[in-house]
Amino acid sequence: MGMRARARAVAAVVALAVVGVAGCDAVGGDSPGPSGSPTRAVPSPKPTPVWDRSPSSVAAVGDSITTGFDACEVLSDCREVSWATGSSPRVDSLAVRLLGKAGAARRSWNHAVSGARMADLPAQMARAVRHEPELVTVLVGANDACRPTTSAMTSVASFRADFEKAMRTVREALPKTQVYVASVPNLKRLWAQGRTSALGRQVWKLGICPSMLGDAEAVDAAATLRRETVHQRVQEYNEVLAQVCAKDKRCRTDGGAVHDYRFGTDQLSHWDWFHPSVNGQARLAEIAYRSVTARRP
């Protein structure tokens, strides 16, 4: 082969190599591939969070703590200071914190009943879901432990079955409604705080939580065992609340915050030294708001 022919052959090989490299590069990046279609990466949409930290309506279910019992006057409900839905500026309830005062007046409902136990919760929940709230608050269980005797306390199995029924009630009616579950307070601590009050002990004799508060000054072995039995049952109730709630992606507990809160004399009603005072209701509202608005449970 002559010199010119060899030069032309080498040039042709180099040109083919360059085209091949360019073709490989064209398949990647933002250039069209072999089919001619663009291959730009499309950003994935951000997933909608399961838990809405700013619900637009609130319904409350539960017992005398949520009705504000003994917070304003003796042996009476005082719903305006309820931690969940109250309108009092001294409490700044969960509903007011989430919805504003005007919003809370229009879009919050309180179906709690003094003396209610877990067995009453499914019926309360059925009434609450009629409003189609975006959030339901639950605080119940103290009355299940506060019975005439320790043997009369609600069994753990029944407590679980009734709570599961209440959760099914809301979930079947409102699949996207959120549920905030407060833990049962530490009844033993409430006894320890109030037993030094002569007035408190007299009111306790009217029948407030006899399993824990009966014979308030007694510290013998039998009284100590009785109170410890009640305390253990409350802890078991809280375990049930946490376990059942954990199975529902739109249910969130307070992580035991209400049970662990160290209620002092300022946070207890000065009529019965057991139920939350106005100050105590405000503390419950703070705990609830932190739990509902937290980025993670």
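The legends below accompany an overview and several close-up views of a predicted protein model.

**View 1**
The protein has 297 residues, and buried residues make up 46% of them. Among the contacts between residues at least 6 apart in sequence, 72% join residues that are at least 24 apart. The mean pLDDT of the protein is 88, and 84% of its residues reach a value of 70 or more. Over residues 9–37, however, the pLDDT is below 50, and this stretch has 10 contacts in the model once near neighbours in sequence are set aside. Where pLDDT is low, the predicted coordinates should not be read in detail.

**View 1. The disulfide between Cys72 and Cys78.**
A disulfide is a covalent bond between the sulfur atoms of two cysteines. A search of the whole structure finds 3 disulfides, and with the bonded cysteines counted along the chain they follow the pattern 1-2, 3-4, 5-6. In the pair shown here, the sulfur atoms of Cys72 and Cys78 are 1.9 Å apart, and the link is left-handed, with -70 degrees about the S-S bond. Cys72 has a relative accessibility of 29% and therefore counts as partly exposed, whereas Cys78, with a relative accessible area of 3%, is buried.

**View 2. The disulfide that joins Cys146 to Cys209.**
The S to S distance of Cys146 and Cys209 is 2.0 Å, and because the torsion about their S-S bond is about -75 degrees, this disulfide is left-handed. Cys146 lies in the loop between helix 4 (142–145) and helix 5 (156–173), while Cys209 lies in the loop between helix 7 (198–204) and helix 8 (210–213), so the pair ties together parts that are 63 residues apart in sequence. Cys146 counts as buried at 9% relative accessibility, and Cys209 is buried with a relative accessible area of 4%.

**View 3. The disulfide that joins Cys245 to Cys251.**
Here the S to S distance is 2.0 Å, and the link of Cys245 and Cys251 is left-handed, with -115 degrees about the S-S bond. Cys245 has a relative accessibility of 2% and so counts as buried. Cys251, at 11% relative accessibility, counts as buried because the cut-off for that word is under 20%.

Asp272 lies in the loop between helix 10 (257–260) and helix 11 (278–293). A polar atom of the Asp272 side chain does, however, lie 2.7 Å from the backbone nitrogen of Phe274. When residues up to four places away in sequence are not counted, Asp272 touches Phe69, Asp70, Gly200, Val203, Trp204 and Ile208.

Technical notes: Residues numbered from 1 in each chain as written. Predicted model: local features only at pLDDT ≥ 70, side-chain atom pairs only at ≥ 80, totals over all residues. Heavy atoms only, no water. Helix = DSSP H or I, 4+ residues; strand = E, 2+ residues; numbered from the N terminus. Polar contact = N/O pair within 3.5 Å; in protein donor to acceptor, adjacent residues only side chain to side chain. Contact = heavy atoms within 4.5 Å. Disulfide = S-S within 2.5 Å. Buried < 20%, exposed > 50% of the residue type's maximum accessible area, 1.4 Å probe, protein only. pLDDT = per-residue confidence, 0-100.
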